[in-house]
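Subject: Structure handover

Hello,

Here is the structure I promised to pass on. Please open it alongside this note.

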Amino acid sequence: MAAASSLLADPDYLRLKEHLVRSTGLAYYADKDDDLSGRIGRRLAALGLHDCSSYLSVLHDAAKGDAELDALVVELTIGETYFFRYSEQFDALRGIVLPDILERNQASRRLRIWSAGCATGAEPYSVALVLQQDLADRIAGWDVTILGTDVNRSFLARAREGRFEEWAFRATPQDVKLRCFQKRETAWVIRPEFKEGVSFQYHNLAKHPFPSLVNNLLAFDLILCRNVMIYFEPGMVRTIAEQFRECLVERGWLLVGHAEPNTEIFRGFRTVNSPGAILYQKSAAPAAEVSAATPHFDWSTPAPAELPAPAQEPAGPAPPVQRTETPVSPDDLHGLPRVRLLADQGDWQNASLECRRLLESDGLEPVVHFYYALILEQSGDLAEAEVSLRRALYLDRGFVLAHYHLGLFLQRKGDARQAVRSFENVLELLSRKGDAFRFADGDGMTAGGLRELTQMQLEVLRG
């Protein structure tokens, strides 16, 4: 491996560093040359390269650049995390955020949560434990989904397994660990009943679009993104914060890390001060800061002080985000663009009505059936959602995204055999497309990205 000192002396090192910071938004590394050069050196060694110029050539290569940038940001990632990290925020979840959401969602009995930058899964599983231990009586019979996303595929594989070393429990009481986990050799595995409703998928905050109906990234009641955005440059942070707001239902909540509160960046939210934590709530007209008393739940033991870990969600180049002074209204749009905007806003009823109107006009359009299926699933009408997905495939057997979502649907339904068949159909169809191919109705999804997602799903199903 090239020594860090030799890379720092390389005449092209600064040019490489500038390219990385510009491409990924990871301003965290702008003044940490010793750390950055060491991590770059490991990638050079893996590729058999010896200087920064050669590595820049790879990063600029049209065929190899994106894949290598992904590999590098994985090298820049630290997945160190633990259960119930920052107990004050979990006190706020138990005492303020989750009770508020459950009260508002009594009619739908649905709860959607996103853990963005979930690393190896301690955060989404911590939320699941809070719900099932402290609020079990209130969520009985509810449809609860907790989605964890990360850019590091190895982290996601470990998260799906639900296997954690002893160090991950340093803020977890012993009785909770014994009740919710099983000892396996030197590790602890979360019990199956506490994994219900928790899923994981690959997503890069600064590279992949959201909100996104196709990728199930929209209409959340709660988003957690802690110790992630502090490592991005300010312009990217503003973009991500606004996209998070668009992904939340009205009065939905956002929790960020202790070092990330910023009244300017989060001005689109109402700020709620809780003991030891600052919370953000989506509001059409953000109000002045308010304070809320939070009951303390003594679930966590004091943890040693530490520096925050580098970002769990490193990124590739951020797509341009189109903003206008006057937000687009659904009334300004027609057809599928109107459906997508209504869905992004969580207005499932009107999105469903618009789909039915389109199908009455042309019932042979597979894309409309596909979107209708996704909307029906979000609305809780699972039987009709499956019917609509199968209609899309009947009309177009080569509809790759419909095969993939049917696989996801069958997987959640518990029909593993048929889910495997659907995912195998996806891989067969993708074998005819290059990795760079982008699906017209896939929110930026490429064939290569979908292939990786499908392979991960098959790995889970096949054990």
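Below are the findings, taken in turn: the cores, a helix pair and a sheet.

This is a predicted model: local features need pLDDT of at least 70, side-chain atom pairs count only at pLDDT 80 or more, and totals for chains, interfaces and linings use all residues. Residues are numbered from 1 along each chain as its sequence is written, and side-chain values use heavy atoms, with hydrogens and water left out.

**Cores**

The largest nonpolar core has 95 residues. (A nonpolar core is a set of buried Ala, Val, Leu, Ile, Met, Phe, Trp, Tyr and Cys residues joined through side-chain atoms within 4.5 Å. Buried means under 20% relative accessible area, with a 1.4 Å probe and protein chains only.) Phe83, Leu131, Leu222 and Phe370 have the most contacts inside this core. Helix α14 (residues 366–379) gives the largest share of the core, nine residues. (Helices are DSSP runs of H or I, at least four residues; strands are runs of E, at least two; both are numbered from the N terminus.) Another core, of 46 residues, lies apart from the largest one. Leu7, Trp114, Ala241 and Leu254 are among its residues.

Phe370 touches Val214, Leu389, Ala392, Phe399, Leu401, Ala402 and His405, leaving aside residues up to four places away in sequence. (Contact means heavy atoms within 4.5 Å.)

**Helix pair**

The axes of α15 (residues 382–395) and α16 (residues 400–413) come within 10 Å and cross at roughly 150 degrees. (Axes are lines fitted to C-alpha atoms, for helices over the stretch in contact; angles run from 0 to 180 degrees between N-to-C directions.) That makes α15 roughly antiparallel to α16, a term for angles over 145 degrees. Residues of α15 that meet α16 include Leu382, Leu389 and Leu393. On the α16 side they include Ala402, Leu406 and Lys413.

**Sheet**

Three strands form an open antiparallel sheet, in the order β3-β5-β4. (Two strands pair if DSSP finds at least two bridges between them.) The edge strands are β3 and β4, each pairing on one side only. Two bridges join β3 (residues 163–164) to β5. Here Arg163 stands opposite Val189, and Phe164 stands opposite Trp188. Strand β4 (residues 181–184) pairs with β5 over four bridges. Gln182 of that strand also faces Val189 in β5. Two residues lie between the strands in the β4–β5 hairpin, where Glu185 takes a positive phi near 60 degrees.

Both faces of β5 (residues 187–190) are covered. Ala187 and Val189 are buried on one side, Trp188 and Ile190 on the other.

Best wishes

Technical notes
Buried means under 20% relative accessible area, exposed over 50%, partly exposed in between (1.4 Å probe, protein chains only). Angles under 35 degrees count as roughly parallel, over 145 as roughly antiparallel, 65 to 115 as roughly perpendicular and the rest as oblique.
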